[in-house]
Amino acid sequence: MMTEQEFDILWQRAAAEPHAARLLEEYPVWRRNRRRNLGIAAFVVALVVVALPLLPPSQPAAAGDNGTSIYCNRPGITEQYWFEMADALLKEA
């Protein structure tokens, strides 16, 4: 005669078998995808490490420059106008 505990163990094994078989079938595909993704990530990291030193250095600000340069494609408007406009807008906020 089988005890209730032995029955539960056999029931759990029977329920787990299809899941174990499916995992065994899918494992090689999962492993291949994982290796491919790790390879792609390593390639991107290597590419960034190689490309960063090749980028041109950023230009440091000039000694007296405090960010007050204004560039406008309308030659008839002076820098003073833009300074006053920016000042007025900042005071409104």
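This is a predicted model: local features need pLDDT of at least 70, side-chain atom pairs count only at pLDDT 80 or more; totals for chains, interfaces and linings use all residues.
A residue counts as buried under 20% relative accessible area, as exposed over 50%, and as partly exposed in between. By that rule Phe 7, with a relative accessible area of 44%, is partly exposed, whereas Trp 11, with 59%, is exposed.

The structure holds three aromatic pairs. In one of them, the ring centres of Phe 7 and Trp 11 lie 5.9 Å apart with 35 degrees between their planes, so this pair is tilted. Both residues belong to helix 1 (residues 4-51), where four residues, about one turn of the helix, separate Phe 7 from Trp 11. An α-helix has 3.6 residues a turn, so residues three or four places apart point the same way.

Another aromatic pair, formed by Tyr 81 and Trp 82, is edge-to-face, with 5.1 Å from centre to centre and 75 degrees between the planes. Tyr 81 is partly exposed because its relative accessible area of 38% falls between the two cut-offs, and Trp 82, at 29%, also counts as partly exposed.

| Residue | Relative accessible area | Class |
|---|---|---|
| Phe 7 | 44% | partly exposed |
| Trp 11 | 59% | exposed |
| Tyr 81 | 38% | partly exposed |
| Trp 82 | 29% | partly exposed |

Helix 1 can also be described along its length. At 1.5 Å a residue, its 48 residues should span 70 Å, and the end C-alpha atoms of helix 1 are 66 Å apart, which agrees with that expectation.

Definitions and conventions. Residues are numbered from 1 along each chain as its sequence is written. Side-chain values use heavy atoms; hydrogens and water are left out. Rings of Phe, Tyr and Trp (its six-membered ring) pair if their centres lie within 6.5 Å; planes under 30 degrees apart count as stacked, over 60 as edge-to-face and the rest as tilted. Helices (H or I, at least four residues) and strands (E, at least two) are DSSP runs, numbered from the N terminus. Buried means under 20% relative accessible area, exposed over 50%, partly exposed in between (1.4 Å probe, protein chains only). The expected span of a helix is 1.5 Å times one less than its number of residues.
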